[in-house]
Amino acid sequence: MSTSRVGFAGLGSMGAPMALNLARAGIPLLVWNRTPGKAEEVAEAVDDVAELFARCEVVFLMLKDADAVDAVLDRGRPAFAGRVAGRTIVHLGTTAPEHSRGLESDLVAAGAKYVEAPVSGSRIPAEAGELVAMLAGDPGAIDEIRELLGPMCRETVRCGPVPNGLLMKLAVNVHLTAVVTGLAEAFHFARAHGLEPGLLAGVLGAGQLASPILRVKAPKLVEEDFAPQASIANVLANVELIAAAAAEAGLALPLIEASRALYAETARLGFGEEDMVAVVRVLKPLKALEAP
């Protein structure tokens, strides 16, 4: 697409490599982050987020939660309409579907376009430009920005109207949470019975359960490497969104409820910033559960 400078707000563990891939692809990029130091390592940076909107026609948001999204847009305040009018706002993060529905309504009323584009993948796929984006919103707006997603995503999937992109992301995370939590339990079981964790990883990788997520998470469980790719705190926030959406639809999701308790306990013990495989910590004997 032909566009002026593109804005990107939010340079956390996912946002930074995503924005860097845009910059490396030659897209004229302007970035903002709440902590300024990170921004200058990626592209031209601004200290005031209002300047990001003033200078960019398209603004990507990769922010922590709904409150952060609303704060960056100045939603609900007098400056909101002037900040977003004439711009296309692309929401890459994960918030409640109802938040996104309301956000679309407010943005359109203010003269902006809105694309919901939550991504599936953690830090490593983000670095490799191999995320999957689930797109929802006005088809014309999606067409306008879809090419910009190329440096960040290996697939973009149209999901229909807002909030179907976020509902699809939550559905994906139902499966992801069950898979990784089950993998942690498998290693816990193997260790308790004196089996070599590396051998278990090899057996899993040789059979029908082989997958990209296994290739990433099994070595971390073998080495007990809890450096974050997708943190316990982030997974817990996603599980809470899933649980709320399930309750709204009158659904019972027993695996999610069990996972919700496990991740909440892991975070309570002080491991919230560790990788999601650190959920294995709450599977150990109670005497071994000590905060760092």
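Q: Which residues form a negative surface patch here?
A: A patch joins like charges within 9 Å, using residues with over 30% relative accessible area and no salt bridge, and Asp and Glu count as negative. In this predicted model, where local features need pLDDT of at least 70, side-chain atom pairs count only at pLDDT 80 or more and totals for chains, interfaces and linings use all residues, the patch is formed by Glu40, Glu41, Asp47 and Asp48. Residues are numbered from 1 along each chain as its sequence is written, and side-chain values use heavy atoms, leaving out hydrogens and water.

Q: Is Glu41 buried or exposed?
A: Buried means under 20% relative accessible area, exposed over 50%, and partly exposed in between (1.4 Å probe, protein chains only). Glu41 has a relative accessible area of 65%, so Glu41 is exposed.

Q: How many salt bridges are there, and where do Arg55 and Glu51 lie?
A: Side chains of opposite charge can pair when their charged atoms come close. A salt bridge is a side-chain nitrogen of Lys or Arg within 4 Å of a carboxyl oxygen of Asp or Glu, and by this rule the count comes to 16. Arg55 and Glu51 meet in one at 3.0 Å, N to O, and both lie in helix α3 (residues 49-55), four residues apart, about one turn of the helix. Helices here are DSSP runs of H or I with at least four residues, numbered from the N terminus.

Q: Which residues are linked with Arg55 and Glu51 in a network of salt bridges?
A: The network links Arg5 and Glu44 with Glu51 and Arg55.

Definitions and conventions
Patches are made of residues with over 30% relative accessible area and no salt bridge: like charges are joined within 9 Å, nonpolar side chains (Val, Leu, Ile, Met, Phe, Trp, Tyr) within 5 Å. Accessible areas come from the Shrake-Rupley method with a 1.4 Å probe; for residues, only the protein chains shown count as cover. The place of a charge is taken as NZ of Lys, CZ of Arg, CG of Asp or CD of Glu. Helices (H or I, at least four residues) and strands (E, at least two) are DSSP runs, numbered from the N terminus.
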